[in-house]
Amino acid sequence: MNNGALAAKIEAMDTNDWVAPDCQGMNFFDLDQSLQGLLRLYMDDGLRAHMLPHYRRLGEIAGGRLDELSRLADRHEPILHARNPRGVDEEWIEFHPAYREMEQIGYGDFGIHCMSRKPGVLGWKGVVPALAKYVFQYLFVQGEFGLMCPISVTDTSTLLVERYGSEAIKQKFLPGMTSQDMSKILKSAQFMTEKTGGSDVSSLELEARLEDGNWRLYGEKWFCSCADGDVALLLARPEGAVNGNNGLALFALPRHLDDGSRNAYRIVRLKDKLGTKSMASGEIIFDGAIAYPLGEVGPGVNNGLKMMMDQVNMSRLSHGVRAAAMMRRCLNEAMVVARNRIAFGEKIIDKPLLRRQLMKLMVPTEQVLSMALFVGRQLDLADAGDERAEKLARILTPLLKFRSCRDNIKVATGAMEVRGGNGFIEDWINPKLVRDAHTGVLWEGTSNINALDVTKRAIAKVGAHINLAEALHDMLAETQGLPGQFRGELDSTVDRAVAFAEQVALTGNEPMARKAADALYHVASAVLLATEGARLGAMGEDARRLILARMVMDHRLRAGDPLAIEDDDTAAVAALLSDDKVDLATAQALAAA
């Protein structure tokens, strides 16, 4: 828009026109050109063709009805009632109808919780591959974050029952856990944390006693998400078992017994949380509740923690996908404001300093999308027997959880700042996004826990960093169209980052664990962005991811002087903020600059 046209527009503006709109009502799939391009690279044609209409439908719902319901449920939090209407001490949780309608969308209409556990969901001939499922999570969470916790937990709990449950336990729980009929579904929960420790599960005190042929639980859990779950997986220490991690056993706890009566546990309080207010988390006391063991359970040594870690790792990946979704929503919100808000006589997207700030939102948002899709693809390859893919998933999952959840907070706060004072008002989506963003750094392990998982386990014990280096080098070698010097810099940076992380891991240098995890995340994402951009550009698609790879190198991996004037990247920023497709030649030139 030229100056004359903008001046005429300003002259015609009503007072209300000065307030920038938000993304409500937009189709979040159609809006996401990055996702649409990457699906061409990561998903085979048959799967992609089948899923595109479903993605587009969920994108429309996420930006429309789901977004409306999410805002309602956030304002009308769950209420715990201590007694039923007849005065019986049988507590129950009241949810706003908006939450129940969101459940129908996530569980009933799309079957996100079961699409990778049973064939036929959304008409797909088999079980939906992990990658395709995570795209559904990514779109759903742009409308509603809190409900994805119980949806994901139901998915991962089903996996554990499939892997470790007896045939009798499978028959008891799996039909309900994989149902899309809201009158028959068994939604799941994970009750892990106790007062004695959060991430330090070795100190858990919930006791399991074998009484009259049934395992019964005694004690309490301190932070139970999805407190109203129909089937909860939890760790308890069987009577007589050894102390520490090796004494913990895994159990499935039904909310109701076979005769329809309530199991012997009580939700004594709901947590007043900073975020995820739509979903009920609570404190639970067990007074002889019947639970069903997964695997061999008894006095002595148990493998419950090892089994539960299967769920934890899958949940960490889901948290990375959720962070990717929230960052995309935040970036979209910021871009809508920037393109519509007029200040000091021009649209604020034309302000040089704001353009720089938008880069700080865009780069991590695109990094995490690449990482999430790549890890989802590795899971599918690992399920097919690819050992290297299994190692890659092992190291990339905690890397994704570690960095994405931290970046999510910065991006959410930055998007709020772009909206200005209105972004601080609960009428708009930004406060909810900021509150929910903080959840990710706490659930399924803090940043420290995930960084140490990378160094102490994935590297020091599994050696997965070697597989990561090989995979990144292979991608660079096999991708045509990368500028030669830039390819060489990426190759050498991979070696430096992996060597640094290995040194940190093998010397037990715990204070450097976060720095090592950062290095691996940034170099992996830079390689992904570069190769994705070159491949898309060769297909005649948008090659801007190659420019984003340069941004990661410039601002995350290259040495810099904090007191020096940085090189001018005006052309790169202009290309990234443009609505026009970036061709391969332009991207190559800007990446090599």
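This briefing describes selected features of the structure shown above, grouped by topic.

The structure is a predicted model, in which local features need pLDDT of at least 70 and side-chain atom pairs count only at pLDDT 80 or more, while totals for chains, interfaces and linings use all residues. Residues are numbered from 1 along each chain as its sequence is written, and side-chain values use heavy atoms, with hydrogens and water left out.

**Nonpolar cores**

- The largest nonpolar core has 184 residues, and those with the most contacts inside it are Y55, L253, F286, L358, I395 and L520; a nonpolar core is a set of buried Ala, Val, Leu, Ile, Met, Phe, Trp, Tyr and Cys residues joined through side-chain atoms within 4.5 Å.
- Apart from this core lies another, of 20 residues, among them L250, L305, M307 and V312.
- If neighbours within four places in sequence are set aside, Y55 is in contact (heavy atoms within 4.5 Å) with F29, L39, M43, A132, V135, F136 and L139.

**A residue in helix α13**

- T455 is found in helix α13, which covers residues 447-459; helices (H or I, at least four residues) and strands (E, at least two) are DSSP runs, numbered from the N terminus.
- T455 has a relative accessible area of 4% and is therefore buried, where buried means under 20% relative accessible area, exposed over 50% and partly exposed in between, with a 1.4 Å probe and protein chains only.
- Not counting residues up to four places away in sequence, T455 touches A460, V504, A505, A513 and A516.

**The second largest pocket**

- The second largest pocket has a volume of about 760 Å³; on a 1 Å grid over the protein atoms alone, a pocket is an open set of points where a 1.4 Å probe fits, with protein on both sides within 12 Å along at least five of seven lines, and a volume is the space filled by probe spheres set on the points, which are joined across faces, edges and corners.
- This pocket is lined by 31 residues, of which L31, D32, Q33, S34 and R544 lie nearest its centre, and a lining residue has an atom within 4 Å of a point.
- The largest share of the lining, seven residues, comes from α2, which is one of the helices that each supply at least two lining residues, along with α3, α9, α10 and α18.
- By type, the lining divides into 12 nonpolar, six polar and 13 charged residues, where Ala, Val, Leu, Ile, Met, Phe, Trp, Tyr, Cys and Pro count as nonpolar, Asp, Glu, Lys and Arg as charged, and the others, Gly among them, as polar.

**Salt bridges**

- A search of the whole structure finds 47 salt bridges, each being a side-chain nitrogen of Lys or Arg within 4 Å of a carboxyl oxygen of Asp or Glu.
- The side chains of E91 and R262 form one of them, at 3.0 Å from N to O; E91 lies in the loop between β1 and β2 and R262 in the loop between β7 and β8, so the pair ties together parts that are 171 residues apart in sequence.
- E91 counts as buried at 6% relative accessibility, and R262 is also buried, with a relative accessible area of 15%.
- K271 forms a salt bridge with E283, the closest N and O atoms being 2.9 Å apart; K271 lies in the loop between β8 and β9 and E283 in strand β9, so this pair ties together parts that are 12 residues apart in sequence.
- Salt bridges that share partners join D22, D67, R71, R329, E333 and R419 into one network.
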